[in-house]
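Let's take a look at this chain together. Have the sequence and the 3D view open as you read.

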Amino acid sequence: MNKVSFNASLYHGGNILSYGCNNGIIDFSANINPAGLCKNAVKILKDFKKIRFFTENYPETYPKSFIKTLSDYHNIDKKFIHTGAGATDLIFNITDIFKPATVVIVEPSFAEYERAALVSQSKIIHINTHHSEGFELKEKSLSSLLECINKIGENDLVFISNPSNPAGTITFKNTLTEILNRLKKRGAFLVLDESFMDFCEEFSAKHMTKYYDNLIVIRSLTKFFAMPGQRLGYIIADRRIIKKLTETTAPWKATSLGTEIASASLIDAEYILNTVKLIDKLKKDLRAKIERLKTFQIIPGMANFFLLKIINSGEFNALDLKNYLIKSRILIRYCGNYRSLNDKYFRIAIRKKSENNYLIKKLKEFIS
């Protein structure tokens with residue numbers, strides 16, 4: 001039996017509040033849209049009457065109006081959508097419902113997959129992707145995964161983040177099709193975490209749920225729409241899975257304020273388009289400046305962050321770098337505690353140009 005042993009503070013970015021409020025820290029450890037909330041969402045937060053109404057009254061027992069907005073946004077029937085208190089909440093919901101004997105996790109990846117598997121007392125199998133393959137699920141790692149699938153059983157789960165976190169790589173639809181077909185024969189399910197997919201929507205597998213009743217797609221409002229504090233996520237899956245989730249979900253899980261802000265963001269087409277353009281521009285600029293330093297290798301990815309490996313470094317590692325940068329009020333994500341990574345890896349979010357330039361300045365100071 002697996003023992004639950006987990007310290008979230010060691011495994012996650014975005015722990016900026018542990019340094020105190022108004023600390024002035026630039027948080028490169030959490031991958032949040034640097035544009036911040038859209039104007040319509042900010043307008044809601046400035047409306048005292050609305051805030052008071054949302055605070056003093058119960059939200060919808062189950063957020064049907066928000067689900068309708070999600071349905072319109074994705075052009076997917078609302079019967080295929082279920083909401084939760086963020087992607088992490090949904091991960092735990094899934095393992096609780098399926099009670100898998102075995103959970104397979106493609107690594108390096110989000111630590112909460114493993115934690116949820118530990119809580120459900122599942123056997124855990126880790127499939128490592130490799131630096132030599134850009135941490136993509138292909139060739140060697142894909143072969144290992146497919147071989148593993150042939151040995152798992154009914155209601156077992158495979159977790160893949162797409163884009164992956166922390167590498168930002170894509171698992172393409174032809175590969176997902178092969179995985180899903182193998183899992184179908186075993187009566188097992190693929191949990192595809194698309195928390196960062198809004199940054200590269202063309203790669204989403206959400207519409208594959210029409211054809212595969214063993215595909216569970218997790219989405220999040222946290223990253224692209226810059227609202228991690230509201231804890232909102234959702235699942236797109238076959239209606240029978242959605243029915244199970246709905247029947248076992250506690251009432252009033254989504255706040256009125258959260259769903260109101262989220263709905264305002266989802267219908268803001270200009271904000272969505274401008275965000276994609278902004279991130280693309282900022283990524284190109286930051287990548288070019290990092291490459292000029294000739295000290296860090298960038299793992300190419302499709303999300304709003306970079307996984308970096310320290311090269312030509314002498315004695316220092318990513319923890320040394322993190323400790324140095326925090327003195328300049330810069331917080332990065334040390335990645336030595338991800339499976340299949342070592343202490344030379346760290347992750348940085350794409351932030352505003354001025355903040356990115358400040359990071360580059362401090363990196364230059366450190367390596368000099």
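## Inside helix H13

In this predicted model, helix H13 has these buried residues: Glu355, Asn356, Leu359, Ile360, Lys362, Leu363 and Phe366. What covers them? Strands and helices both do, and the table lists elements that are included in that cover.

| Element covering H13 | Residues |
|---|---|
| strand E1 | 26-27 |
| helix H11 | 269-293 |
| strand E9 | 296-299 |
| helix H12 | 318-326 |
| strand E11 | 330-331 |
| strand E13 | 345-349 |

H13 itself runs over residues 353-367, and its 15 residues reach 21 Å from the first C-alpha to the last. That's close to the 21 Å expected at 1.5 Å a residue.

Now for a pair of helices. Two packed helices are described by the angle between their axes and the distance between the axes. Helix H3 (residues 48-56) and helix H10 (residues 256-266) have axes that come within 8 Å and cross at roughly 135°. The two are therefore oblique to each other. Where they meet, H3 brings Lys50, Ile51 and Phe54, while H10 brings Ser256, Leu257 and Glu260. Sorted by class, this contact has 3 nonpolar, 1 polar and 2 charged residues.

Let's zoom out. The chain has 13 helices and 13 strands, and its C-alpha atoms fill a box of roughly 60 × 55 × 35 Å along the principal axes. A compact globule with 368 residues would have a radius of gyration near 21 Å, so the chain's 20 Å agrees with that. Buried residues make up 53% of the 368. Of the contacts between residues at least 6 apart in sequence, 70% join residues at least 24 apart.

Notes: Residues are numbered from 1 along each chain as its sequence is written. This is a predicted model: local features need pLDDT of at least 70, side-chain atom pairs count only at pLDDT 80 or more; totals for chains, interfaces and linings use all residues. Side-chain values use heavy atoms; hydrogens and water are left out. Axes are lines fitted to C-alpha atoms, for helices over the stretch in contact, and angles run from 0 to 180 degrees between N-to-C directions. Helices (H or I, at least four residues) and strands (E, at least two) are DSSP runs, numbered from the N terminus. Angles under 35 degrees count as roughly parallel, over 145 as roughly antiparallel, 65 to 115 as roughly perpendicular and the rest as oblique. Contact means heavy atoms within 4.5 Å. Ala, Val, Leu, Ile, Met, Phe, Trp, Tyr, Cys and Pro count as nonpolar, Asp, Glu, Lys and Arg as charged, and the others, Gly among them, as polar. The expected span of a helix is 1.5 Å times one less than its number of residues. Buried means under 20% relative accessible area, exposed over 50%, partly exposed in between (1.4 Å probe, protein chains only). The radius of gyration is taken over C-alpha atoms; the globule rule is 2.2 Å times the number of residues to the power 0.38.
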